[in-house]
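Reader: Could we go through this structure together, beginning with a charged contact?

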Amino acid sequence: MKKYIIALIILASFSFGKLNYYRPISAGITFGRNIGGSQYEDTKILGVSGEYKLNPSIGIGMEYKTFHNSPSPDYEEFLTDENISLVSLFMNRYHEFKQFDNNGVKGMASVGGASMTIDGYDKIYFMLGIGLQIELADRLNLELSLRDYMKEFRIPFTSFPEVNVAAIGGGGHYMHFNVNLSMDLGDVKSSND
């Protein structure tokens with residue numbers, strides 16, 4: 001965990017450079033659901049997030065989430081409960097909708113990787129996501145996203161909503177619906193300063 005905090009501090013330190021974009025850092029809290037499909041019950045997710053914006057349309061983010069998976073009644077004899085913590089590092093690409101000028105809504109696509117600790121064992125996952133970012137106030141944003149964490153790279157969301165979260169004997173697919181409330185930090189940066 002210490003190495004992830006150090007990486008976030010390094011990203012944050014770049015915001016004090018002479019940059020020419022607006023409020024490069026955001027920090028937030030994440031609520032959500034792990035969509036269990038047929039094998040696991042849907043479970044609540046809680047986490048924190050941070051993002052460093054390279055420019056208004058590209059950001060590098062980091063997230064820490066925890067949740068507990070319980071098997072659905074049909075799979076209780078095959079699967080066990082899982083205590084999971086997840087640290088992910090990803091890139092967000094934002095797209096303003098041209099047809100709705102100044103409405104404060106952006107489309108978002110995410111790609112990255114995650115380290116999941118499942119009952120004490122670390123595993124690496126690919127992550128692909130889509131979502132919307134809505135500007136609620138001057139510095140306050142609401143993000144709604146669907147993220148697919150997969151052990152083997154494949155087209156995401158193909159089995160939604162009937163997601164096989166962890167195949168019996170294997171475990172390689174987690175789908176999260178996230179609601180992230182974040183605040184932009186910092187002030188307007190000018191390259192002339």
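Author: The side chains of Asp184 and Lys53 form a salt bridge with an N to O distance of 3.7 Å. A salt bridge here is a side-chain nitrogen of Lys or Arg within 4 Å of a carboxyl oxygen of Asp or Glu. The model is predicted: local features need pLDDT of at least 70, side-chain atom pairs count only at pLDDT 80 or more, and totals for chains, interfaces and linings use all residues. Residues are numbered from 1 along each chain as its sequence is written, and side-chain values use heavy atoms, with hydrogens and water left out.

Reader: Is Asp184 buried or exposed?

Author: Asp184 is buried, since its relative accessible area is 9%. Lys53 also counts as buried, at 11% relative accessibility. The cut-offs are under 20% relative accessible area for buried, over 50% for exposed, and partly exposed in between (1.4 Å probe, protein chains only).

Reader: How many salt bridges does a search of the whole structure find?

Author: The search finds four. In one of them, Glu63 pairs with Arg147, and the closest N and O atoms are 2.8 Å apart. That pair links distant parts of the chain: Glu63 is in strand E3 (residues 58–69) and Arg147 in strand E7 (residues 140–150), 84 residues apart.

Reader: What else does Arg147 form a salt bridge with?

Author: Arg147 also forms a salt bridge with Glu143, with 3.5 Å between the closest N and O atoms. Salt bridges link Glu63, Lys65, Glu143 and Arg147 in a network.

Reader: How accessible are Glu63 and Arg147?

Author: Glu63 counts as buried because its relative accessibility is 4%. Arg147 counts as buried at 1%, and Glu143 is buried as well.

Reader: Let us turn to the overall layout. What elements are in the protein?

Author: There are one helix and eight strands. From the N terminus on, the order is α-β-β-β-β-β-β-β-β. Of the 193 residues in the protein, 40% are buried.

Reader: How many aromatic pairs are there?

Author: A search of the whole structure finds three aromatic pairs. One of them joins Tyr125 and Tyr174: the ring centres are 5.7 Å apart and the planes stand at 80°, so the pair is edge-to-face. Tyr125 is in strand E6 and Tyr174 in strand E8 (residues 173–185), 49 residues apart, and the pair thus links distant parts of the chain. Rings of Phe, Tyr and Trp (its six-membered ring) pair if their centres lie within 6.5 Å; planes under 30 degrees apart count as stacked, over 60 as edge-to-face and the rest as tilted.

Reader: Which residues do ring pairs link into a cluster?

Author: The cluster consists of Phe67, Tyr125 and Tyr174. Tyr125 is buried, with a relative accessible area of 1%, and Tyr174 is buried with a relative accessible area of 1%.

Reader: Now the surface. Which residues form the nonpolar patch?

Author: Ile29, Phe31, Leu46, Val48, Leu136 and Leu181 form that patch, with about 520 Å² of accessible area together. E1 and E2 are the elements that give two or more residues to the nonpolar patch. Leu181 is found in strand E8 and is partly exposed, with a relative accessible area of 36%. Patches are made of residues with over 30% relative accessible area and no salt bridge: like charges are joined within 9 Å, nonpolar side chains (Val, Leu, Ile, Met, Phe, Trp, Tyr) within 5 Å. Accessible areas come from the Shrake-Rupley method with a 1.4 Å probe, and for residues only the protein chains shown count as cover.

Reader: Which residues form the negative patch?

Author: Glu41, Asp42, Asp74, Glu76, Asp81 and Asp119 form the negative surface patch. Lys and Arg count as positive and Asp and Glu as negative, while His and the chain ends are not counted. The place of a charge is taken as NZ of Lys, CZ of Arg, CG of Asp or CD of Glu.

Reader: Where does Asp119 lie, and what is its phi?

Author: Asp119 lies in the loop between strand E5 (105–118) and strand E6 (121–135). Asp119 has a positive phi of about 50°, although it is not a glycine. Most residues other than glycine have a negative phi. Asp119 counts as partly exposed at 38% relative accessibility.

Note on methods:
Helices (H or I, at least four residues) and strands (E, at least two) are DSSP runs, numbered from the N terminus.
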